[in-house]
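Subject: Structure handover

Hello,

The structure I promised is below. My notes on what was found in it follow.

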Amino acid sequence: MSRCRMVFSGSGGQGVITAAIILAEAAVLWEDLVAVQSQSYGPEARGGATRTDVIISESDIHFPKANEPNVLVCLTQEAYNKFYTIIRPGGLLVTDTRYVKTQRKVDARQVELPLFQRVMEEIGKPIVLNICMLGAVVGLTRVVKPESIRKVLKDRVPPEFFDINARALELGVAMGRDAAS
Amino acid sequence: MKKNVRFVQGNEACVEGALYAGLDFFAGYPITPSTEIAEHLAYRLPQKGGKFIQMEDEIASMCAIVGASLTGHKVMTATSGPGFSLMQEALGYAVMAEIPCVVVDVQRGGPSTGLPTSVSQGDVNQARWGTHGDHAVIAMTASNHQDVFLMTVEAFNLAETYRTPVILLFDEVVGHMRERLVIPEEGEIPLVERLRTSVPEGVDYHPYLPREDGRLPMSDFGGGHRYNVTGLFHDMWGFPSTNPGVVKGLLRHLLDKLNNNTNRIARYKEYFVNDAQVLLISYGASARSALHVVRNRRPRGERVGLLELQTLWPFPVDVVRDLAKAPEVVLVVEMNMGQVLQAVKLAVDDPEKVFLANRFDGSLITPTDIRNILRVIQGKGI
């Protein structure tokens, strides 16, 4: 596995930071990979364009920020406008069709997924959008196994919310795999 | 899942290290970017019978841990620059009264309230000279979570060994980022416990009468012995004295006990230093970027090495002088205007070959920043 540098962005409260922590924790605890997660603090983390960086690798990671991510996820227009230019040429740009209108071409594979729409249709709870997004990233990149994410969810999510999160994960993984093939 | 493997913030690694070392009293006042230390200890300390107190401010926090230490507890507080400023008075008291304690400063941009959520390493000299008067102090740092844990344990050990405050200078990047931490088994890292006096209850105890090896056994305050503790210059009874001989003797002791053991207190890591033409000297989060440069450039034949300092004060002069002899260029990488740079220049034989690669805008210095500055120094242009 080559080094995977990822940036998840959206607005405060969408859960992109939680999703990043779950992904990195899954890599470290269940797949014996090396991972580093960091995030922006301060006013921009509360509303505005939130950003979190995750690097996953088989070898030590020293510089902890993903300055040129090969995977960029944008869940809002503001996040897209702010961050789309940082993607590494040839990278993967994932956006949500409901929230983001992709305007300009970047040198990346652009995958636009109706994450929010499908979450609302099939689960009906917008709070699991972040886990659906995480599923899609895992389905697209295969950076970790969905089962590893499930194990972290079991550990981190209150029992009464586990089911909807697990369903959101499955939904996202399926959407990601479809888009990858 | 492997045993004892955790995925945590640096601040949590500090908490785990402190608990491993036997911390049982914490007093503090939350401040970004150190808040998670207080947050986690508020939860963890009571579970193991320790005490957590949220104080009214940092002055009181520092005073509380000094008092608790004197009664026989292993103590810590955690803060950031603005709070660290408020702690300086009581920190000096702990230096003077020789009270073991650990003070964590997770650095953010300063001066004043500065940049609450951004990284900096601007408190290096504050750790050294923040409190007034001639004194010596121990300050340590770390660049990754395993080392944050280890240096925290070491800080408690050194505080007990030398009866001194030990400052842990972390930074926002290391404090907030998450990475793997493997918690060592009990007994894997040796712990230094409080050296208590063997003088029986009811027999005169001299709190400031050194043993042959220079160490001062303590007696839990409020326990078996009555004695005096003061921030004034004091005699072996702990009572104030202006006798020039006593003053001179005490100040010499306070400085010598640390400065004469500089090499013993020095903690550092070497990467490819043996044949290095360019020696990077760095610490904390900056050392992560410096190490990135070394790992990245070595396979391309560039003879660049890294000395990562983990003890900043007392400054490891001998280590730096020796390693800086052979390289043509010494580049200090830090996130301030050159605080460790000055110490390096004083330590080496030829200070004109020492340069600074820094960043002080609240952003983590990048490997590209370092490489660009190095190219300019080497006359290659950016």
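I start with a sheet in chain B. Five strands form an open sheet in the order E10-E12-E11-E14-E15 (chain B), and the pairing is mixed. Here strands (E, at least two residues) and helices (H or I, at least four) are DSSP runs numbered from the N terminus, and two strands pair if DSSP finds at least two bridges between them. The edge strands, each pairing on one side only, are E10 (268-271) and E15 (354-358) of chain B. On average, neighbouring strands of this sheet are turned by 20° against each other, direction ignored. Axes are lines fitted to C-alpha atoms, for helices over the stretch in contact, and angles run from 0 to 180 degrees between N-to-C directions.

Strand E11 (residues 278-282) of chain B runs parallel to strand E14 (residues 329-334) of chain B, and 5 bridges join them. Val278(B) has Val329(B) in E14(B) as its bridge partner. Helix H10 (residues 284-297) of chain B packs on the sheet, touching E10, E11, E12 (304-309) and E14 of chain B, and its direction makes about 160° with that of E12(B). Helix H11 (residues 317-324) of chain B also packs on the sheet, touching E10, E11, E12 and E14 of chain B, with its direction at about 160° to that of E11(B). Two residues are in contact if their C-beta atoms, placed from the backbone, lie within 7 Å.

On provenance: this is a predicted model, in which local features need pLDDT of at least 70, side-chain atom pairs count only at pLDDT 80 or more, and totals for chains, interfaces and linings use all residues. Residues are numbered from 1 along each chain as its sequence is written, while chains are lettered from A and ligands numbered from 1 in the order in which they are written.

Chain B as a whole has 13 helices and 15 strands. Its C-alpha trace spans about 75 × 50 × 40 Å along the principal axes. A compact globule of 382 residues would have a radius of gyration near 21 Å, and chain B agrees with its 21 Å; the radius is taken over C-alpha atoms, and the globule rule is 2.2 Å times the number of residues to the power 0.38.

Chain B is divided into domain 1 (5-182) and domain 2 (268-377), with bounds from an automatic or database domain assignment. Their centres, taken over C-alpha atoms, are separated by 26 Å. The contact takes 26 residues from domain 1 of chain B and 20 residues from domain 2 of chain B.

Between the chains, 18 residues of chain A are in contact with 19 residues of chain B. On the side of chain A that touches chain B, helix H1 (16-31) and strand E2 (34-39) of chain A are the elements that give two or more residues. H1(A) gives the most, with 6 residues. That side of chain A divides into 11 nonpolar, 5 polar and 2 charged residues; Ala, Val, Leu, Ile, Met, Phe, Trp, Tyr, Cys and Pro count as nonpolar, Asp, Glu, Lys and Arg as charged, and the others, Gly among them, as polar.

Regards
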